[in-house]
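User: Hello! I am new to this structure and would like to learn how to read it. Could you walk me through a few features?

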Amino acid sequence: MIESPTVVLVPGLRDHVEDHWQTHLEKKLDKVRSVPPLEQNKLSRQARVAALDEVLTDISGPVVLVAHSAGVMITVQWAREHSRPIAGALLVTPPDFDFPLAGPYPTPEELDRNGWMPIPRQRLPFPSTVAASRNDPLAGYRRVAGLAEGWGSQLLDLGEVGHLNPAAGYGYWPLAEELVQDLVESSMVDQ
């Protein structure tokens, strides 16, 4: 019997936001886990990667990762350090940590001090799709396309959706369900 994968949600640095598309997605899926918010060391890359690894260690079957923003960076950093099989990943609007981020986000120096630099650019050991925005204030489209190429990811142009978060007008995002379903179905065919 083919086992359906568990979907693991990897939020960004702001952790869980009530009207975020990941939060809505979590309520709609049956077999889903979410990386919990950190209580301390909130900016530590190592702590964030360890939190993802802890969730993955508790899952015995196949896994599909769904990451947003800095959650994408957590995911690619995790892939660099760990070897657990992953059926596929949806990597949505990754930030560009090489340049200062707009708004109340950490500076490149803070990110570097907390282990986020350099951004891994090697091929991911699992199939992945990078969903990119044409007007994301946290990353230029061409830079994200370059990351997707380095990671060996399929690039999905979402058009002008900002950072695809509540501040950009996105709570519930129906396309997320379709994209995750495609990854789940694809992973079940590959078993």
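User: Is K27 buried or exposed?

Analyst: K27 is exposed, at 59% relative accessible area; buried means under 20%, exposed over 50%, and partly exposed in between (1.4 Å probe, protein chains only). Before we go on, this is a predicted model, where local features need pLDDT of at least 70 and side-chain atom pairs count only at pLDDT 80 or more, while totals for chains, interfaces and linings use all residues. Residues are numbered from 1 along each chain as its sequence is written, and side-chain values use heavy atoms, with hydrogens and water left out.

User: Which residue does K27 meet in a salt bridge?

Analyst: Side chains of opposite charge can pair when their charged atoms come close. A salt bridge is a side-chain nitrogen of Lys or Arg within 4 Å of a carboxyl oxygen of Asp or Glu. Here K27 meets E18, at 2.8 Å from N to O, and E18 is exposed at 57%.

User: How many salt bridges does the structure hold?

Analyst: There are six. One of them joins R45 and E81 at 2.5 Å, N to O. This pair links distant parts of the chain, with R45 in helix α2 (residues 45–57) and E81 in helix α3, 36 residues apart; helices (H or I, at least four residues) and strands (E, at least two) are DSSP runs, numbered from the N terminus. R45 is buried at 13%, whereas E81 is partly exposed at 38%.

User: Which residues are linked in a network of salt bridges?

Analyst: That network links D96, D98, R121 and R143. Within it, the closest N and O atoms of R143 and D98 are 2.8 Å apart.
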